[in-house]
Amino acid sequence: MWSLIQIELYKIFRRPRTYIAFGAIAALIVVIQLGLKIDGDAYAGFLMKDINDTLTVDGKVLNGYLICYILLQLLLVHVPLLVALIAADMISGEANLGTLRLLFSTPFSRTHWVLAKFIAASIYTILLLIWLAFLALFVSMWIFGTDDLFLMKSNYVVLIEQGDVLWRYVGAFVFASFSLLTVTSLGFLMSSLSSNSIGPIVGTMSAIVFFTILSTLNIPLFNVVKPYLFTTHMNNWKEFFDIKVNLNNEAIRGSILNIPKIKTSLMVLTLHIILFVTASVIIIKKKDILS
Amino acid sequence: MQPKKYKNIVCYFLAFAFPLFLSVNLMAQTDPLIEKVSQKLAQVNDYVAEGVMKTDVAFIKASLGKVKVYFKKPNLLKVKKEGGISLLPRGGVSLTINTLLNTKQYTTIPAGNQVLNGKNLTVIKLIPTDDNLDWVISTLWIDPIEALVYKTATTTKENGSYEITMQYGEYAKQGLASKIIFSFNTKDYKLPNGITLEFGDEDPTAKQKALKNKKGTIEITYSKYTINQGIPNNIF
């Protein structure tokens, strides 16, 4: 199995397309970091307008932790599209080239090949996430320094002590890996249904955009289906950055406000991954390879 | 007839104008109790106080933080959180009793007595005589026996009204509080979802809480004062 994964990884990293995602993420992060480094105070001033009417905030608000949060908010919506570029091409690309028939004529079973391809695509996804984490978190920490995380949400502000932040990012990135693996598995499923690359890539991207819009709209009709959409749960990495307060309104260090929400989201995402991969295996096993 | 007329004018002056002048002059004088408080505070030229700060504002979730408070005569004051971001009422934190009284640019008006937390306190109002000062009026609740200020309510020109409640412990002899509670009015806090990118995941309880409670408090509980050891001006 490991040798199959190695072969698939070799194929992924030989294609120039693979590096588009790494380059796009690096370019976006560098541009945002540069913008915030030059004009970050004006941005922070705009965000803190309501707070500054009442309070004086003393300290380094625009630090590496906040920059990383801003970057993740912006990028974790779009990274799935970059993941789809590779994941949705894993099977259909080979079908298009006519090499799928060769693969399936080897002594290894179709299930082995499909799982090896999925694992290789998952490794690519995780590497992309590690790249994102490295640039968004560690490079931001290096450029902007560290301090408490002063998080401005829509209706309230969360101030998390700097010693209580890093583990939350670890949790958020682990959570994000489940989100992106769901996209990988969806792309994989689309890939198993087609014999050309473009269809599954566009199909996966369309599905993500479509479900994301349904998840964000606050229309009662859509609220019924929202809990079952993976896109509703993909954004819940933010729950790691909400903190409990006691009866005296003191934030409790090391706490997470809504752990059940994180658990539910992880469960829903895991179920989606299992469902999509299983469906892919079944489809490929039954598929006539005509190309 | 002429001398008698002048005599009448002098009599009128003595009867009406002089008492008026006297009363105005008395009003402009500093209340002896305020003097007593000022003398107590005058023992302290500067201090560095270590303490724990608690921020209680409806729309803010913050944990307790260790702070250092620096004060230097006449009215330099700085609150610094150790290695972190601190939130302080805008303009209000500098209006402590030391900074109010050390300016010496005020006139006092006695406003009777009130019982506060079982203590019979004398109420005195301060009105600034210098137009450039940020505050408009301040009311002080003072224990006449200990010469300690237990509460102040100050209205400022630009930053609203503040109440400061004080409790005293081992540094009461120098007029330094062991606990200070700043109370202030808060304004609404709201950021559009388009900026926070929080679509469809509002916390309704936090929203309700924010709407209910418009009063914020910041409590500083002091554990240690280092008095009259000198503080460089660049701290402030």
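Let me begin with a term: two residues are in contact if their C-beta atoms, placed from the backbone, lie within 7 Å. What you see above is a predicted model, in which local features need pLDDT of at least 70 and side-chain atom pairs count only at pLDDT 80 or more, while totals for chains, interfaces and linings use all residues. Residues are numbered from 1 along each chain as its sequence is written, and chains are lettered from A and ligands numbered from 1 in the order in which they are written.

Helix α9(A), residues 166–193, packs on α10(A) at an angle of about 140°, their axes lying 9 Å apart; axes here are lines fitted to C-alpha atoms over the stretch in contact, and angles run from 0 to 180 degrees between N-to-C directions.

Turning to the two chains, 34 residues of chain A are in contact with 34 residues of chain B. On the side of chain A, α3, β1, β2, β3 and α10 each supply at least two residues. One of these, β1(A), pairs with β5 of chain B, residues 86–89, in the antiparallel sense over four bridges, where pairing requires that DSSP finds at least two bridges. Within that pairing, Leu55(A) stands opposite Pro89(B).
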